[in-house]
Amino acid sequence: MGLFITLLSETYGLHQPSVAAVTRVMREAGWLTTGARGVNAPEMTHVDAARMTLALLSGEPPGKVVEEFEFLRRLEARTPVPATGFAAGSGLDRAHCLEDGLVWLFGLTSDMPNVREHGYIFSGSWLWPYLEVSVDASARAAQIAYSRQVCIYEDLARDRELDELSAQPTTLQNIQRALEIERRSAGWDSMSVALERRMRVVRSITQSEISRISEAIATRAVTTEAQD
């Protein structure tokens, strides 16, 4: 866990005690790998990396981060990624949520065919294909650029819930509930914000951060297997 926290802190340029605090509450909520402590502690996985990254991208303090993470992870793809190109075979061409996309990204390594195929040479060095994960904390929406394919993630459940309410009798309670649902999120392209979050805040990471973390986790896992 300590190595994992250091990796995230150094990669994202965040204060290590802050990352440790978020990691602790995420683990206590059951969202991270748990097990024995000390030398027998389990290795952190690419799923842990994806979940912690989303928690950190939310920008929320430890007291609120789990609730916000649980909301953001369920954001649904507005239009799934095409079945061809960089994300071919990922399963992201079907209905999926933001966490699915992040878990797939952090499970990639440099030796995977799609990464090799879509990477490029710059100044004599081979680089990963362009990737970018952006979370709009003000609208509670997100976007992932999978190489040349872009997917927007939004609170699509919001519209379904409002449709269900519209079919019910018009009561004060239902009107108040509808207002609560409307205010909880906004679209990625919308000019409005959610929950009165007036200052627009968008946090992003790119292939540089994703590759560093995913490669470190994969290398650590291989080393551990070899030692066993």
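The model is predicted, with local features needing pLDDT of at least 70 and side-chain atom pairs counting only at pLDDT 80 or more, while totals for chains, interfaces and linings use all residues. Residues are numbered from 1 along each chain as its sequence is written, and side-chain values use heavy atoms, with hydrogens and water left out.

Helices (H or I, at least four residues) and strands (E, at least two) are DSSP runs, numbered from the N terminus. Strands pair if DSSP finds at least two bridges between them. Strand β5, residues 141–146, pairs with β6 in the antiparallel sense over 5 bridges. The two form a hairpin with 2 residues between them, and Ser147 in the turn has a positive phi of about 60°. Strand β1, residues 76–77, also runs antiparallel to β6, joined by 2 bridges; here Glu76 stands opposite Glu154.

Of the 6 residues of β6, spanning 149–154, 5 are buried, that is, under 20% relative accessible area with a 1.4 Å probe, protein chains only.

I turn now to the nonpolar cores, meaning sets of buried Ala, Val, Leu, Ile, Met, Phe, Trp, Tyr and Cys residues joined through side-chain atoms within 4.5 Å. The largest has 50 residues, and those with the most contacts inside it include Tyr146 and Tyr153. Helix α3, residues 46–58, gives the most to this core, with 7 residues. A second, separate core of 5 residues includes Ala139, Ile152, Ala186 and Trp188.
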